[in-house]
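I opened this entry to work through a structure that was new to me.

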Amino acid sequence: MRTFPSVSATVTDPTVQQVRHLVSIRDLTDADLYSIVARGAAFAAGECGNPLAGQVAGVYFLKTSTRTRTAFTSAALRLGAGVIQYGPQDLQTNTGETSADTGRVLSGMLDVLVARTAGDPAELRAWSAQNRMTVINAMSAEEHPTQALTDLTTLLRQFGRIEGLRLLYLGEANNTATALALALTRFPGVELELRTPPGYGLPAQILADATRQAEISGASIVERCHMSDLPGDLDAIYTTRWQTTGTVKPDPDWRQVFAPFRVEQELWRHSPNAVFLHDLPAHRGEEVTSEVLDGPASIAFGQAENKLYSAMAVLEWCRSHAGGTTR
Ligand SMILES: NC(=O)OP(=O)(O)O
């Protein structure tokens, strides 16, 4: 069984010179994934330093964000980098400059770009002209990789391990669920069960890839589209907002279809020790009751704070191997 490296171990490898990107969880080897999660826990325990001293991070958000934008900005500053913020109205892409030209220019001036755009994540990677600038996907329609790293950091801090945990995910299998499935199924003994409204499950390729990963690691992943015969003795119950950024629901009566998947206190009857996770923002009374979100099982707001520590670990992983500025 794989174990986490010491939480005080660094991920610095002076032999590695290639710029690293985090566009998808698939960009990470198992060792990368474990190291980032362990480093997130180490930062949460008070470790700091300034491995990004002399570097400049761009934070480019075309869509609203409270947690991810603040976490990466705060993380870059705490690790010694300067930060330039770009909002939806700030770049000349608004006046017709192409994405490719924009990326080429920014790549000559920035060390890191943390981006939440409406575009294809593969396009983000292409923004790093000559592979000079690290690109971090701060959420795309398909995947929210930095959220999954936060979630695993939260689980590690809560349980001291990820191996063997039993999780129930309820609601639409959106970009948060996609990243979570791709990450959790790397861990031996993890049992991940998703209960999703009919028609709102994981993309077929993601489910196939996560299933294959689980077969290799000794984890399991199951997806069902009803709320009968729920598993008990869970370690965690996770849900997300039903109206997540960028998703379109063709069925006008979708709320009726989603209603049985609401997280209510009753779910704890057969899992009295389970913690409650939510990536936030929450729509209280819709996907979760306030009784649960504010209740004793909820660690959702600690999970939000962990975005900062996880962002520090991501930035360190992407940049500290360069030994300061690469220019
Ligand atoms: N969970 C999450 O990504 O939150 P924000 O949209 O506020 O960044």
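**Domains**

I began with the C-alpha centres of domain 1 and domain 2, which lie 25 Å apart. This is a predicted model, in which local features need pLDDT of at least 70 and side-chain atom pairs count only at pLDDT 80 or more, while totals for chains, interfaces and linings use all residues. Residues are numbered from 1 along each chain as its sequence is written, and side-chain values use heavy atoms, with hydrogens and water left out.

I looked up the bounds next. Domain 1 covers 25-144 + 307-319, and domain 2 covers 145-305. These bounds come from an automatic or database domain assignment. I then checked the contacts (heavy atoms within 4.5 Å). On the domain 1 side 30 residues take part, and they meet 30 residues of domain 2.

**The ligand**

Which residues are around the ligand? I noted Ser 65, Thr 66, Arg 67, Thr 68, Arg 116, His 144, Gln 147, Asp 279, Leu 280 and Lys 307. A residue counts here if one of its heavy atoms lies within 4 Å of the molecule.

I sorted the shell by type. It holds 1 nonpolar, 5 polar and 4 charged residues. The scheme counts Ala, Val, Leu, Ile, Met, Phe, Trp, Tyr, Cys and Pro as nonpolar, Asp, Glu, Lys and Arg as charged, and the others, Gly among them, as polar.

Then I went through polar contacts. The term means a pair of N or O atoms within 3.5 Å; within protein, one must be able to donate a hydrogen and the other to accept it, and residues adjacent in sequence count only if both atoms are side-chain atoms. An N or O atom in the His 144 side chain is 2.8 Å from a ligand oxygen. For Arg 116, a polar side-chain atom sits 3.0 Å from an oxygen atom of the ligand. For Lys 307, the distance from a polar side-chain atom to a ligand oxygen is 3.2 Å. Taken alone the ligand exposes 260 Å², and the protein buries 93% of that. Accessible areas come from the Shrake-Rupley method with a 1.4 Å probe; for residues, only the protein chains shown count as cover.

I came back to Leu 280 from the shell. Leu 280 lies in the loop between E9 and H9. Helices (H or I, at least four residues) and strands (E, at least two) are DSSP runs, numbered from the N terminus. Is Leu 280 buried or exposed? Leu 280 is buried, at 8% relative accessible area. Buried means under 20%, exposed over 50%, and partly exposed in between (1.4 Å probe, protein chains only).

Most residues other than glycine have a negative phi, and most peptide bonds are trans. Phi of Leu 280 is positive, near 60°. The peptide bond from Leu 280 to Pro 281 is cis, with omega near 5°.

I found another positive phi at Asp 233, near 50°. Asp 233 lies in the loop between strand E7 (220-224) and strand E8 (236-239). Asp 233 counts as exposed, at 60% relative accessibility.

I turned to helix H6 (residues 175-184). Of its 10 residues, 10 are buried, so H6 is largely enclosed by the rest of the structure. At its start, a side-chain oxygen of Asn 174 comes within 3.1 Å of the backbone nitrogen of Thr 176.

Arg 186 is buried, at 8% relative accessible area. Its side chain reaches the backbone oxygen of Ile 25 at 3.1 Å. Arg 186 also touches others, including Leu 28, Tyr 34 and Gln 213.

Arg 195 sits in strand E6 (residues 191-195). Its relative accessibility is 1%, so Arg 195 counts as buried. The Arg 195 side chain reaches the backbone oxygen of Asp 229 at 3.0 Å.

**Asp 90**

Last, I looked at Asp 90, in the loop between strand E2 (82-86) and helix H3 (99-107). Asp 90 is partly exposed, at 48% relative accessible area. Its side chain reaches the backbone nitrogen of Gly 87 at 2.6 Å.

Note on methods
Lists of a residue's contacts leave out its neighbours within four places in sequence.
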